Amino acid sequence: MGSEPEERHPEKKVRVLSLDEAVDGEARRVDVEDQRIVIVRIGETIYAIGDMCSHANYSLSEGHVDSNEITIECWKHGAQFSLCDGNPVSLPATQPVPIFPVETDGNNIYILLPESENS
Ligand code: FES
């Protein structure tokens with residue numbers, strides 16, 4: 001219809017956990033390819049966020065999940081990150097961490113990873 005084709009980055013769909021393994025209000029770290037990702041379940045919603053705090057190299061999966069604010073808190077210095085967009089909502093972190101699209105299918109949880117560029 002005359003519109004230019006949008007350049008889309010291909011995505012890879014990877015099963016990471018079963019829904020049963022994702023406990024409501026808790027964080028669970030998964031290693032996918034060479035990435036560390038935290039899977040968080042809040043009610044029926046699943047979030048996927050990079051495991052590495054953007055302030056220093058500490059694991060967010062060991063931090064506290066706030067189910068009301070939809071955040072995860074870094075245990076080291078207390079920065080909180082939105083599970084919805086990865087942005088920090090409190091200091092000392094000022095940079096976002098990546099988030100990943102999540103799909104569920106039956107009892108399976110998948111995340112969509114950007115296809116790596118092999119050039
Ligand atoms: S390492 Fe996470 S807030 Fe400092």
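Predicted model: local features only at pLDDT ≥ 70, side-chain atom pairs only at ≥ 80, totals over all residues.
The protein chain holds nine strands and zero helices, so that, read from the N terminus, its elements run β-β-β-β-β-β-β-β-β. Of the 119 residues in the protein chain, 28% are buried. Among contacts between residues at least 6 apart in sequence, 42% join residues at least 24 apart.

Strands of a sheet pair through backbone hydrogen bonds, and the pairing may be either parallel or antiparallel. Strand 2, which covers residues 27-32, pairs with strand 3 in the antiparallel sense over six bridges, and within this pair Asp 31 stands opposite Arg 36 of strand 3. The hairpin made by strand 2 and strand 3 has two residues between the strands, and Glu 33 takes a positive phi near 55° there. Strand 3 also pairs with strand 4, again in the antiparallel sense and over six bridges, with Ile 37 standing opposite Gly 50 in strand 4. The hairpin of strand 3 and strand 4 likewise has two residues between the strands, and here Gly 43 takes a positive phi near 65°.

Three strands form an open sheet in the order 5-6-7, with antiparallel pairing; its edge strands are strand 5 (65-66) and strand 7, each of which pairs on one side only. Strand 6, residues 71-73, is joined to strand 7 by three bridges, the two running antiparallel, and Glu 73 stands opposite Gln 80 in strand 7.

The largest nonpolar core has 24 residues, and the members that touch the most other members are Val 38, Ile 39, Val 40, Ala 48, Ile 49 and Ile 72. At least two residues of this core come from each of strand 3 (35-42), strand 4 (45-50) and strand 9 (108-114). Ala 48 gives a local view of the packing: if its neighbours within four places in sequence are left aside, Ala 48 is in contact with Ile 37, Ile 39, Ile 99, Phe 100, Val 102 and Ile 111.

Is Val 97, which has 23 other C-beta atoms within 10 Å, buried or exposed? Val 97 lies in the loop between strand 7 (80-82) and strand 8 (102-105), yet it is buried, because 23 other C-beta atoms lie within 10 Å and the cut-off for burial is 20 or more. Apart from neighbours within four places in sequence, Val 97 is in contact with Ile 49, Gly 50, Met 52, Ser 54, Phe 81 and Gly 86.

His 55 sits in the loop between strand 4 and strand 5, and it counts as partly exposed because it has 19 C-beta neighbours inside 10 Å, whereas burial needs 20 or more. Not counting residues up to four places away in sequence, His 55 touches Cys 74, His 77, Ala 79, Pro 92 and Ala 93.

Notes
Residues numbered from 1 in each chain as written. Core = buried A, V, L, I, M, F, W, Y, C linked by C-beta atoms within 7 Å. Buried ≥ 20, exposed ≤ 12 C-beta atoms within 10 Å, placed from the backbone. Helix = DSSP H or I, 4+ residues; strand = E, 2+ residues; numbered from the N terminus. Contact = placed C-beta atoms within 7 Å. Pairing = 2+ DSSP bridges.
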